[in-house]
Amino acid sequence: MKRRHFSLLFLSAAAWPASTLMAAEVPQPANGQGMVVVYRPSRAKGGALLFPTSINGTSLGNLTNGRIVAQPVAPGQYTIETSSASVAGRIAVTADVQAGETVFVKAKALIGYPAWRPNLVLVNSAQGAADVSKM
């Protein structure tokens, strides 16, 4: 009996990510505003980790595996930050956002001690839009 329950649980968990891999649309910024898009492509390694993410100290929530967070912002300089339980677990990038511009920040999990650690990288708009469209 236990073996059957484990198999059903495994099959359910294996099928779950496939339903979340629909193409995502990048929201367009409103007139006079910019957009910051933080995304984390779905990966098996480090996938269970939650990265608390913020922009200029305002929480955007936990960036989970395969999730996209888009935040409209006024033009200006912004610090996007995330963290984990790793020794080197806090990382931040700074971006200058112009009106009408969408800034993309790619997040991923890297091996760290004693836990996986986050990494944030600013990517160009073409690469960011392409990555997000595949999620």
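This is a predicted model: local features need pLDDT of at least 70, side-chain atom pairs count only at pLDDT 80 or more; totals for chains, interfaces and linings use all residues.
**Entry 1: the cores**

I started with the nonpolar cores. The largest has 18 residues, and Val36 and Ile80 have the most contacts inside it. I then looked up which elements give two or more residues to this core, and found β1 (34–39), β2, β3, β4 (68–73), β5, β6 (90–97) and β7. The element that gives the most is β7, with 4 residues.

I listed the contacts of valine 36, leaving aside its neighbours within four places in sequence. Valine 36 touches Ile55, Val69, Ala70, Gln71, Val73, Ile80, Val97 and Val103. I also noted a second, separate core of 6 residues, with Val37, Tyr39, Phe104 and Val132 among them.

**Entry 2: helix α2**

Which residues of α2 are buried? I found Gly128, Asp131 and Val132. Looking down the axis of α2, I see the buried residues within an arc of 95 degrees, so they line one face of the helix. This goes with a general point: an α-helix has 3.6 residues a turn, so residues three or four places apart point the same way.

I next checked what covers the buried residues of α2; the cover includes β1, β4, β7 and β8 (117–123). Val132, buried in α2, is also one of the residues in the second core.

At the N-terminal end of α2 I found a cap. Asparagine 124 supplies it, with a side-chain oxygen 3.2 Å from the backbone nitrogen of alanine 126.

**Entry 3: the salt bridge**

How many salt bridges are there? I count 1. It joins the side chains of lysine 106 and aspartate 131, at 3.9 Å from N to O. Lysine 106 belongs to strand β7 (residues 102–110) and aspartate 131 to helix α2 (residues 125–133), so the bridge ties together parts that lie 25 residues apart in sequence. In general, side chains of opposite charge can pair when their charged atoms come close.

I looked up the accessibility of both partners. Lysine 106 is partly exposed, at 25% relative accessible area. Aspartate 131 is at 12% and counts as buried, because the cut-off for buried is under 20%.

**Entry 4: leucine 63**

Leucine 63 sits in strand β3 (residues 58–63). Is leucine 63 buried or exposed? Its relative accessibility is 1%, so I put it down as buried.

Leucine 63 and alanine 107 are 44 residues apart in sequence, while their C-alpha atoms are 8.5 Å apart in space.

Serine 54 is part of strand β2 (residues 51–55). Its relative accessible area is 13%, and I noted it as buried.

Threonine 82 lies in strand β5 (residues 76–83). I noted threonine 82 as buried too, at 1% relative accessibility. What does its side chain meet? A polar atom of that side chain lies 3.0 Å from the backbone oxygen of proline 52.

Key
Residues are numbered from 1 along each chain as its sequence is written. Side-chain values use heavy atoms; hydrogens and water are left out. Buried means under 20% relative accessible area, exposed over 50%, partly exposed in between (1.4 Å probe, protein chains only). A polar contact is a pair of N or O atoms within 3.5 Å; within protein, one must be able to donate a hydrogen and the other to accept it, and residues adjacent in sequence count only if both atoms are side-chain atoms. A salt bridge is a side-chain nitrogen of Lys or Arg within 4 Å of a carboxyl oxygen of Asp or Glu. A nonpolar core is a set of buried Ala, Val, Leu, Ile, Met, Phe, Trp, Tyr and Cys residues joined through side-chain atoms within 4.5 Å. Contact means heavy atoms within 4.5 Å. The arc is that of the directions from the helix axis to the C-beta atoms.
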